[in-house]
Amino acid sequence: MSRGRLALATGNRGKIREIEEALAGLDMEILTRDDFRDWPPLEETGKTFEENALAKALELARWSGMPALADDSGLEVEALGGAPGVDSAVYAGTHGDDASNLARLLREMQGVPPSRRRARFVCVIALASPAGERMLVRETCEGAVAETPRGEGGFGYDPVFVPEGMDRTMAELSLREKNAVSHRGKALRRLRVMLDSGEPAWLFAAPRREGWGE
Ligand code: IMP
């Protein structure tokens with residue numbers, strides 16, 4: 001049996017679903033945290049999205065003995081010199097406290113005129129092998145920070161992010177509409193195109209090793 005395996009370095013259910021959807025139909029068994037007895041600490045201590053995604057993918061690939069996929073994402077605001085950037089999830093102090101992170105962003109942006117509210121979401125996806133081979137995909141979604149939150153959908157900074165060419169915030173879009181323009185949706189589609197064309201070759205050549213990390 002030559003079916004390849006891929007470990008996902010995220011415990012986030014929403015992301016797992018999106019990634020599984022993007023990889024559907026490939027001859028690849030997807031393993032998540034629930035498939036392993038223990039789980040290595042996967043830390044985000046880098047200064048760039050690339051460093052963070054790569055560190056997590058390399059660590060999980062080494063630990064599990066199979067290729068691994070990790071992602072890192074966040075919001076860069078021009079008027080704030082690129083902040084919150086890689087600190088997007090901890091901007092207000094507590095990891096993943098979306099409401100406080102968004103409140104801090106609006107405070108920092110108070111009085112900034114519309115012409116200076118440009119921002120972008122960034123998503124970097126890293127694939128790594130146990131031998132240290134690696135591949136990166138980066139995509140962005142350009143837009144602007146709204147003055148007040150609108151919409152109930154999505155998560156994180158979605159209620160204050162208006163994608164370029166739209167007048168609704170990300171949180172006012174349906175999931176399908178968001179995926180069509182979002183940084184993560186674009187990165188996953190590009191990843192799929194690469195995988196469909198057999199890239200990276202090491203992912204498909206990786207031997208299946210029973211019993212590793214399980
Ligand atoms: P991470 O990629 O899980 O580290 O997420 C980083 C943080 O970036 C999240 O906690 C959100 O605050 C923000 N973020 C990333 N992607 C999105 C998105 O699609 N919408 C809104 N916020 C996002």
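1. P200 sits in the loop that runs between α5 and α6 (201–205), where helices are DSSP runs of H or I with at least four residues, strands are DSSP runs of E with at least two, and both are numbered from the N terminus. The peptide bond that leads from E199 to P200 is cis, and its omega is near -10°. The model is predicted, with local features needing pLDDT of at least 70 and side-chain atom pairs counting only at pLDDT 80 or more, while totals for chains, interfaces and linings use all residues. Residues are numbered from 1 along each chain as its sequence is written, and side-chain values use heavy atoms, with hydrogens and water left out.

2. Another cis peptide bond joins A83 and P84, with omega about -5°, and P84 belongs to the loop between β3 (68–77) and α3 (98–108).

3. Two packed helices are described by the angle between their axes and the distance between the axes. For helix α1 (residues 13–23) and helix α5 (residues 183–196), the axes come within 9 Å and cross at roughly 35°; axes here are lines fitted to C-alpha atoms, for helices over the stretch in contact, with angles running from 0 to 180 degrees between N-to-C directions.

4. Which residues of α1 and α5 meet? From α1 they are K15, E18, I19, A22 and L23, and from α5 they are R184, L188, L191, R192 and L195, contact being heavy atoms within 4.5 Å. The residues of this contact divide into six nonpolar, no polar and four charged, with Ala, Val, Leu, Ile, Met, Phe, Trp, Tyr, Cys and Pro counted as nonpolar, Asp, Glu, Lys and Arg as charged, and the others, Gly among them, as polar.

5. Around the ligand there are 15 residues, of which K15, S73, D158, K178 and R184 come nearest, a residue being near if one of its heavy atoms lies within 4 Å of the molecule.

6. A polar side-chain atom of K178 lies 2.9 Å from an oxygen atom of the ligand.

Conventions:
A polar contact is a pair of N or O atoms within 3.5 Å; within protein, one must be able to donate a hydrogen and the other to accept it, and residues adjacent in sequence count only if both atoms are side-chain atoms.
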